[in-house]
Amino acid sequence: MECISVFDMLKIGIGPSSSHTLGPWRAAERFIKEIKAANIFNNVNKIKVDLYGSLSLTGKGHATDFAVMLGLSGADPEYIPVEDISNVIDQIKITNLLKFGNEIDISFNPETDIVFNRNFLPFHANGLKFTAFTDDQVIESVFYSIGGGFVTKEEDDNNITSDQGTFPYLFNNSNELLEFCNQQNKSISEIMFENEKSLRTEEEIDRELMRIWNTMLECMYIGCHTEGILPGGLNVKRRAYDMHLNLKGALPYETPQEWLQTIRKTKVYFRQILKWVSCFALAVNEVNASLGRVVTAPTNGSSGVIPAVLMYYLVIENHKAGEKEIKQFLTTAGVIGSIFKKGATISAAMGGCQAEIGVSSAMAAAALCELMGGTPAQVTMAAEIAMEHHLGLTCDPIGGLVQIPCIERNTMGAIKAINAAELALDTDPLNAKVPLDKVVNTMWETAKDMNNKYKETSEGGLAVAVNIADC
């Protein structure tokens with residue numbers, strides 16, 4: 001069984017895409033490690049990168065070319081200052097030199113050394129090949145970005161083992177998870193916390209969960225306080241700034257934490273609640289679309305849903321909530337995401353947007369349901385309801401950019417998550433007709449039946465009905 005940690009499902013990285021940006025970035029890092037392990041790193045004088053399938057078809061709009069250059073340059077997506085990204089890319093383009101692993105200068109022309117191949121490799125829709133040249137050797141390595149920032153090779157066993165740890169409570173589906181909850185009389189988050197303790201100390205778990213939340217909070221804050229036009233050519237105007245301006249009160253604040261407190265003091269009616277949740281989701285995905293730092297949850301394209309729903313709980317539902325509830329929410333969300341990762345996919349290139357927005361909505365619904373007192377069975381029911389109403393959702397980004405319909409779609413996923421949690425809380429699980437595992441299976445079957453032009457290729461749907469010229 002796969003041991004997928006919460007920190008595998010919730011990763012800090014750079015936008016706009018976990019599969020097309022963060023994954024290729026991590027693949028480049030892994031390639032450097034392979035070259036060093038082979039003791040030929042210092043002999044490399046040229047690098048070539050081939051992108052295949054969805055990575056090629058929407059790679060420009062998803063900044064895949066930027067990601068591989070940054071990864072090969074030794075930059076870390078978790079910590080690189082966002083303002084430094086354009087400088088690194090510009091320097092490579094001007095000089096045709098890349099500081100390989102941030103150690104040695106090698107020849108690299110992005111125009112010729114990054115090749116966009118429209119054909120798909122058989123193993124996965126998101127394939128990329130790195131080729132390193134020395135005076136007397138050519139070394140090739142093929143990777144696959146399988147969604148959510150996960151990277152694998154065809155010869156890997158494809159199990160995520162989180163630093164090779166073994167969980168005390170191993171489960172592959174929600175039925176097995178619920179059995180542990182019943183046996184141990186624990187909530188879903190408590191079961192997962194015990195699993196996480198097999199990998200890290202309690203202090204490390206708490207610190208990393210709060211680092212994830214603070215990244216989410218800062219992302220919402222930045223998005224709500226930044227106006228202008230998103231990059232990429234669609235000329236999409238940022239909307240979170242104006243929406244926030246109309247919603248916020250007159251109380252002063254200077255930090256994201258103070259901002260949260262002032263929102264708690266505003267009057268909220270139903271329409272305002274809808275607008276606040278939408279504002280939070282928009283803010284995150286506008287930051288994501290501009291190569292900002294976000295939390296993959298479970299992907300970058302769907303990174304606004306979970307922060308928006310958690311923020312809703314903190315500023316609307318429970319003003320007394322703090323670190324305990326934040327950590328509980330994120331842990332529960334991570335568990336549900338791992339079930340979809342194991343049983344289906346979190347890659348839009350494999351399953352359409354049901355695999356991204358649908359999964360993120362299910363994760364958020366489950367987490368909110370547990371915070372609001374739901375039983376483990378109700379929590380999984382909330383996830384099922386949220387996903388059930390995203391089944392078949394296509395991925396057809398206009399211009400290959402994570403902007404239309406992606407940004408608005410996060411607001412819809414967040415609202416559906418809240419509704420799903422409320423429905424589950426008012427339902428006896430014994431009366432449920434569709435278990436979560438059936439929806440996971442159905443989602444995967446739907447993904448396999450879906451035409452490839454609706455799987456993050458920009459070859460169907462809105463992507464062909466509307467083009468950049470129309471915008």
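**Helix packing and two buried sites**

Helix H13 (residues 305-317) packs against helix H18 (residues 406-425) at an angle of about 45 degrees, and their axes are 8 Å apart. The model is predicted. Two residues, threonine 345 and cysteine 219, are then described as buried sites.

**H13 and H18**
- The two helices, H13 and H18, are therefore oblique to each other.
- Their crossing, that of H13 and H18, is right-handed.
- On the H13 side the contact is made by Val305, Ala308, Val309 and Tyr312, which meet Asn410, Gly413, Ala414, Ala417 and Ile418 of H18.
- Sorted by class, the residues in the contact of H13 with H18 are seven nonpolar and two polar, with no charged residues.

**Threonine 345**
- Threonine 345 sits in the loop that joins helix H14 (323-343) and helix H15 (348-351).
- Its relative accessibility is 6%, so threonine 345 counts as buried, the cut-off being under 20%.
- The side chain of threonine 345 reaches the backbone nitrogen of serine 347 at 3.0 Å.
- Not counting residues up to four places away in sequence, threonine 345 touches Ile146, Phe340, Met350, Gly351, Ala355, Val359, Met443 and Trp444.

**Cysteine 219**
- Cysteine 219 is part of helix H9 (residues 202-224).
- With a relative accessible area of 3%, cysteine 219 is buried.
- Apart from neighbours within four places in sequence, cysteine 219 contacts Ala283, Val284, Val287, Arg293 and Val294.
- Between cysteine 219 and threonine 262 the separation is 43 residues in sequence and 17 Å in space, C-alpha to C-alpha.

Technical notes:
Residues numbered from 1 in each chain as written. Predicted model: local features only at pLDDT ≥ 70, side-chain atom pairs only at ≥ 80, totals over all residues. Heavy atoms only, no water. Axes fitted to C-alpha atoms, helices over the stretch in contact; angles between N-to-C directions. Helix = DSSP H or I, 4+ residues; strand = E, 2+ residues; numbered from the N terminus. Parallel < 35°, antiparallel > 145°, perpendicular 65-115°, else oblique. Left-handed = near helix turned anticlockwise from the far one by under 90°. Contact = heavy atoms within 4.5 Å. Nonpolar A, V, L, I, M, F, W, Y, C, P; charged D, E, K, R; others polar. Buried < 20%, exposed > 50% of the residue type's maximum accessible area, 1.4 Å probe, protein only. Polar contact = N/O pair within 3.5 Å; in protein donor to acceptor, adjacent residues only side chain to side chain.
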